[in-house]
Amino acid sequence: MQEREIEFKNLLTKTEYTALLAHFKTAAATTITQTNSYFDTPDYQLKEQHCGLRIRTFATKQNELTLKSPLPVGLLETTAFLSDEQTNDILAGSPLPQGEVYDALIARGIDPQAIVCFGSLTTERIECSYQSGLLVLDHSRYLGQEDYEIEFEVPDEQIGQLEFNALLEAFSIKQQPTSNKVARFYQALKEVN
């Protein structure tokens, strides 16, 4: 499965996160706990190509192997669904299964057999519909760190940007450049090594 992802994001202070949570965590909101395990080659070929490869595991859903790669607008997500057994095997060092993600890695000149797991990040996520998209509030823990983030996934970049800016302004949140989770994970990994 492939789809284009357009999202806006902003890191939050704990106070900002708490205020947004109080406002948006209603009966219509969905609460999810997920763990992202991040993969790359030992020499970080995916990172060099501004790509991310993860297995996302859930308590109540099927696991996902996803390669995110840059597009002119947004990211291309190539996803394969995994059983618990496949997930456990890959996390224990077995090779990736053949399929769309495997083929997408080869197309980028990356040997799928060289992929290794660098660690995991666990997120408590609140999702709800907002304006033209999906509003996400994340509290993530990884490598002894934690952070808070708002994401807004939209079908249209221009409309989404206006709606996201208005939301931040309504809650007096300063907009700041925000790296994605895999980039923040890599930064934390660099700091502990």
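This is a predicted model: local features need pLDDT of at least 70, side-chain atom pairs count only at pLDDT 80 or more; totals for chains, interfaces and linings use all residues.
1. Because seven of the seven residues in strand 4 (residues 52–58) are buried, the strand is largely enclosed by the rest of the structure.

2. Strand 4 has pairing partners in strand 3 and strand 5. Strand 3 (residues 30–40) runs antiparallel to strand 4 and is joined to it by six bridges; within this pairing, Ser-37 stands opposite Ile-55. Strand 5 (residues 63–70) is likewise antiparallel to strand 4, over five bridges, and Thr-66 of strand 5 is the bridge partner of Arg-54. Strand 4 and strand 5 form a hairpin, with four residues between them.

3. Turning to the aromatic residues, a search of the whole structure finds nine aromatic pairs. One of them joins Phe-24 and Tyr-130: the ring centres are 5.5 Å apart and the planes stand at 90°, so this pair is edge-to-face. Since Phe-24 belongs to helix 1 (residues 14–24) and Tyr-130 to strand 7 (residues 116–130), the contact ties together parts that are 106 residues apart in sequence. Phe-24 counts as buried because its relative accessibility is 9%, under the 20% cut-off. Tyr-130, with a relative accessible area of 18%, is buried by that criterion too.

4. A further pair is formed by Tyr-38 and Phe-185, whose ring centres lie 5.1 Å apart with planes at 45°, so the arrangement is tilted. This pair links distant parts of the chain, with Tyr-38 in strand 3 and Phe-185 in helix 6 (residues 181–192), 147 residues apart. Tyr-38 is buried at 3% relative accessibility, and Phe-185 is buried with a relative accessible area of 0%. Strand 3, which carries Tyr-38, is the strand joined to strand 4 by six bridges.

5. Ring pairs also build a cluster: Phe-8, Phe-24, Tyr-130, Phe-152, Phe-164 and Phe-171 are linked in this manner. The edge-to-face pair of Phe-24 and Tyr-130 thus has both its residues among the members of the cluster.

6. Finally, Lys-47 lies over the faces of two tyrosine rings. The distance to the ring centre is 5.7 Å for Tyr-44 and 5.3 Å for Tyr-186.

Terms used
Residues are numbered from 1 along each chain as its sequence is written. Side-chain values use heavy atoms; hydrogens and water are left out. Buried means under 20% relative accessible area, exposed over 50%, partly exposed in between (1.4 Å probe, protein chains only). Helices (H or I, at least four residues) and strands (E, at least two) are DSSP runs, numbered from the N terminus. Two strands pair if DSSP finds at least two bridges between them. Rings of Phe, Tyr and Trp (its six-membered ring) pair if their centres lie within 6.5 Å; planes under 30 degrees apart count as stacked, over 60 as edge-to-face and the rest as tilted. A charge sits over a ring if NZ of Lys or CZ of Arg is within 6 Å of the ring centre and within 35 degrees of the ring normal.
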